[in-house]
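Morning, everyone. Please bring up the model on your screens.

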Amino acid sequence: VQLQASGGGLVLAGGSLNLSCTTSRNIASINALGWYRQAPGKQRELLARIMRGGRTVYADSVRGRFTVSRDGSKNMVFLQMNSLKPEDTAVYYCNADTILDIYWGQGTLVTVSS
């Protein structure tokens with residue numbers, strides 16, 4: 001599975017961004033799609049996942065501010081990010097879990113300025 005993330009950029013604190021990730025496989029065949037981020041000097045962390053059946057999971061740090069969604073007709077997964085904070089600055093990655101393997105996109109940089 002090939003993943004292509006986009007939508008990152010520079011935004012002021014309190015602002016919003018919508019990240020997109022295009023997959024090369026029909027997302028109906030993917031067990032879970034997720035968004036992760038990695039800030040400088042920190043480990044990669046899970047932000048949100050959307051399961052094949054539609055159930056969503058969020059990290060405490062983003063619950064209520066970020067929303068994960070998908071479009072099966074376009075094989076895309078999205079991450080709507082609102083009320084952004086400087087500590088949200090990181091490289092954001094999309095991820096596909098097919099049970100047999102895990103795939104990563106190339107990452108898109110999000111910078112939140114205070």
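I'll go through the ring pairs, then a charge beside them.

First, the ground rules. This is a predicted model, so local features need pLDDT of at least 70 and side-chain atom pairs count only at pLDDT 80 or more, while totals for chains, interfaces and linings use all residues. Residues are numbered from 1 along each chain as its sequence is written, and side-chain values use heavy atoms, with hydrogens and water left out.

How many aromatic pairs does a search of the whole structure find? It finds 2. Rings of Phe, Tyr and Trp (its six-membered ring) pair if their centres lie within 6.5 Å; planes under 30 degrees apart are stacked, over 60 edge-to-face, the rest tilted.

Take Tyr36 and Trp104. Their centres are 4.8 Å apart and their planes sit at 70°, so this pair is edge-to-face. Tyr36 is in strand S4 (residues 32–38) and Trp104 in strand S10 (residues 102–104), so the pair ties together parts 68 residues apart in sequence. Strands are DSSP runs (E, at least two residues), numbered from the N terminus.

Now Tyr93 and Trp104. This pair is edge-to-face too: 6.4 Å between centres, 90° between planes. Tyr93 belongs to strand S9 (residues 90–97), 11 residues from Trp104.

Ring pairs join Tyr36, Tyr93 and Trp104 into a cluster.

Buried or exposed? Buried means under 20% relative accessible area, exposed over 50%, partly exposed in between (1.4 Å probe, protein chains only). Tyr36 is buried at 17%. Tyr93 is buried at 14%. Trp104 is partly exposed at 37%.

Last, the charge. Arg44 lies over the face of Tyr93, 3.8 Å from the ring centre. Arg44 also lies over the face of Trp104, at 4.5 Å. The test: NZ of Lys or CZ of Arg within 6 Å of the ring centre and within 35 degrees of the ring normal.

Note on methods:
Helices (H or I, at least four residues) and strands (E, at least two) are DSSP runs, numbered from the N terminus.
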